[in-house]
Structure formats: structure tokens, C-alpha cells
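User: I would like to learn how to read the features of a protein model. Please take me through one step by step.

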Amino acid sequence: MNQSKYIIAAIVTYFLWGFFSFGLKPIAHYPPLDILFFRLYVSVFFLVLINVGFRRNKMKADFALIKSFDKKKQRKLGSLIIGGSLILMINWLMFIIVMNHISVQAASLSYLVCPIITTVLAFVILKEHLTKIKWIAVGISFLACLVLSFGHFIDLVYSLIVACSFALYIIIQRSLNVFDSFNLLMTQLLIVAILMSPLAFFFSGPIPTETIFYKCIMMIVVLFTIIPMFLNNFALKGIDSSTVGILIYLNPIMNFILAIFYYKEPISSMQMIGYSLILLAIIVFNSQTIFRLKNIKKSEV
């Protein structure tokens with residue numbers, strides 16, 4: 001099977017997410033909750049519009065699927081869907097706070113360590129096997145976090161909250177992979193939109209009047225939520241998760257490059273050591289996958 005179109009879709013997805021700061025930084029003076037509320041409700045509007053207008057068969061198929069399960073499994077899946085919804089909102093809110101009020105570097109760090117944290121949580125929660133090589137990578141990551149905590153402990157804590165919340169969300173999603181992922185996202189956002197309605201009513205600030213706010217919200221919803229979701233779903237149909245695991249690092253790498261060269265964020269020598277250790281951990285963590293992909297390419301030639 002020609003995988004090039006699927007690989008291109010994945011590259012575009014993670015490349016786009018690497019520019020998320022362009023949607024958030026111009027509205028950093030707005031409260032994080034206001035940005036979250038607008039992102040949530042505008043996303044729900046467009047997702048419902050797309051699914052009802054163009055994906056009714058997918059919705060009917062998922063509805064029939066959940067009805068086919070017994071009551072016990074329905075309750076379990078319902079709990080996972082609601083739990084995943086709430087964890088996703090924690091991730092969105094914390095990411096906004098980190099990007100706008102901590103640093104772009106800290107946001108980058110979140111998703112650099114996220115795949116490693118996901119694997120550790122899968123080992124603890126799902127009892128998945130973890131190889132010696134990956135345990136070495138985990139150890140290097142832990143050492144890197146200790147180095148990065150010097151002088152930047154609060155930044156590190158926020159980064160790890162973002163990373164852990166997204167890792168936990170991914171693990172929950174694995175248990176829900178029987179459903180169409182786009183339908184699942186719409187359902188989760190609908191649930192959390194309903195649950196958060198009282199918070200939005202009592203804690204949202206004055207309605208923004210600046211045009212830039214609505215331009216950035218539309219950029220976040222369309223360029224950094226809906227389009228990447230479509231492309232990511234398409235990519236996963238044609239390439240395996242190990243390839244995706246390598247390509248996903250495009251996101252934090254782009255964030256880190258922007259932090260240093262575009263936003264001119266300062267970086268200390270200790271941070272350089274910490275980030276270098278993270279890079280080493282990533283290489284070690286993915287070494288088996290990298291060598292396997294190289295061998296596959298050689299055999300194809």
C-alpha cells in the first residue's frame with residue numbers, strides 16, 4: 001500500500017499543531033477561562049454542523065454500536081467518555097495557561113515528554129509491557145526533569161500537568177477506539193459544554209469586543225482543532241502507531257524553535273542540558289522503532 005498520502009497527512013497535522021502559539025499568544029491578555037469557553041463552544045458548533053450535515057451514517061453506526069452492548073458495558077463506556085471529556089478540558093485549560101503565561105518552551109516540553117509519560121501510565125494502568133530500552137528512556141527523562149526544575153520548578157510542574165493530562169486522555173481514548181474518533185470528540189465536547197455551562201455563566205468575563213479575539217478563536221478551532229482532527233483520523237487509517245509516534249515530535253520541535261527564534265525566549269545553560277537529556281531520552285525511547293522503520297525501507301528498496 002502506498003503510504004505517502006497518509007504520512008503527508010500526519011506531517012501536516014503535527015506541523016500545524018506546532019504553530020498553536022500563533023492562535024493563543026495574540027490574545028494572552030484575555031483570561032484563560034474565556035479563551036477556553038469560546039474554543040469549546042465554537043468547536044461544538046462546527047463539529048455538530050459537520051457531523052449532522054455530512055457524517056450522519058457514521059453517527060448512526062456509532063449509536064447502533066453502543067446500543068448493541070449490555071448495560072454494564074454501556075455504563076463503563078459512558079464513564080470513560082465523561083472522564084475523558086473532563087480530562088481533555090483540564091488539558092486545554094492548562095495548555096492555554098502554560099502557552100500564554102509561562103512560556104512557549106514549557107508548552108513544547110509538555111508534548112516532548114508526553115509519549116514517554118503515556119507509555120509509563122499505560123504500564124501502570126493497563127499493565128502494558130515496557131522494554132528495558134524504554135525504562136532507560138524513562139530514567140533519562142526523570143533526570144532531565146530534575147535538571148529542568150532548578151530555577152524553573154513551577155514551569156516544570158505546569159508542563160507535567162499538561163503532559164500527564166493529555167497522556168491520561170490518550171489512554172482513555174484507547175478504551176474507546178471502537179467508536180469513530182470524530183464522533184467521539186463531538187460527544188465529549190458536547191458533554192463538557194453542558195457540564196461547564198454554569199461555570200461559563202458565572203465566571204466568564206465581559207464579551208470581547210476586539211476583532212483579533214474572534215480571529216484567533218476561529219484560527220484555534222479551524223486550524224488547530226477541526227482540520228488536524230480530520231487529517232489525523234485519515235493518517236491513522238494508513239500508517240501504524242509507531243510511525244505516528246515518531247512524527248508527533250514535529251509539534252513540540254516546532255514550538256521549541258518558535259520559542260527560541262521567534263519569541264526570543266531566554267534559555268539558561270541548565271535548561272539546555274535538560275532539553276538535551278530530553279532529546280536523548282526521545283532517541284532512546286524510539287530507537288527500536290527507528291531501526292525497524294529503516295529496515296523496512298531497506299527491504300522495500
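Analyst: Helices (H or I, at least four residues) and strands (E, at least two) are DSSP runs, numbered from the N terminus. This is a predicted model, in which local features need pLDDT of at least 70 and side-chain atom pairs count only at pLDDT 80 or more, while totals for chains, interfaces and linings use all residues. Residues are numbered from 1 along each chain as its sequence is written, and side-chain values use heavy atoms, with hydrogens and water left out.

User: How many helices and strands does the protein chain have?

Analyst: The protein chain has 15 helices and zero strands. Its radius of gyration (taken over C-alpha atoms) is compared with a globule rule, 2.2 Å times the number of residues to the power 0.38. The radius of gyration is 20 Å, close to the 19 Å that the rule gives for 301 residues, so the chain is as compact as a globular protein of that length. Along its principal axes the C-alpha trace spans about 50 × 45 × 35 Å.

User: What percentage of the residues in the protein chain is buried?

Analyst: Buried means under 20% relative accessible area, exposed over 50%, and partly exposed in between (1.4 Å probe, protein chains only). Buried residues make up 47% of the 301 residues here. Accessible areas come from the Shrake-Rupley method with a 1.4 Å probe, and for residues only the protein chains shown count as cover. The protein chain exposes about 15800 Å², of which carbon and sulfur atoms supply 73%.

User: Which residues have the most contacts inside the largest nonpolar core?

Analyst: In soluble globular proteins, nonpolar side chains tend to be buried together. A nonpolar core is a set of buried Ala, Val, Leu, Ile, Met, Phe, Trp, Tyr and Cys residues joined through side-chain atoms within 4.5 Å. The largest one here has 87 residues, and L24, I35, L40, M89, F95 and L189 have the most contacts inside it. Helix α5 (residues 71-102) gives the most to this core, with 12 residues.

User: What is F95 in contact with, beyond its neighbours in sequence?

Analyst: Contact means heavy atoms within 4.5 Å. Leaving aside neighbours within four places in sequence, F95 is in contact with F20, L24, A107, Y111 and V162. For the whole protein chain, residues 24 or more positions apart account for 89% of the contacts with a separation of 6 or more.

User: Where is P228, and which residues does P228 contact?

Analyst: P228 is in helix α11 (residues 211-236). With a relative accessible area of 0%, P228 is buried. P228 and L16 are 212 residues apart in sequence and 7.3 Å apart in space, C-alpha to C-alpha.

User: Is I212 buried, exposed or partly exposed?

Analyst: I212, which also lies in helix α11, is partly exposed, at 36% relative accessible area. Not counting residues up to four places away in sequence, I212 touches P26 and I27. Sequence separation and distance should be read as two separate values. I212 and V157 are 55 residues apart in sequence and 31 Å apart in space, C-alpha to C-alpha, whereas I8 and A235 are 227 residues apart in sequence and 8.0 Å apart in space, again C-alpha to C-alpha. I8 is in helix α1 (residues 4-17) and counts as exposed, at 51% relative accessibility.

User: What is the phi of K264, and where is K264 found?

Analyst: Most residues other than glycine have a negative phi. Phi of K264 is near 55 degrees, a positive value in a residue other than glycine. K264 is found in the loop between α13 (250-262) and α14 (269-285), and is exposed, with a relative accessible area of 61%.
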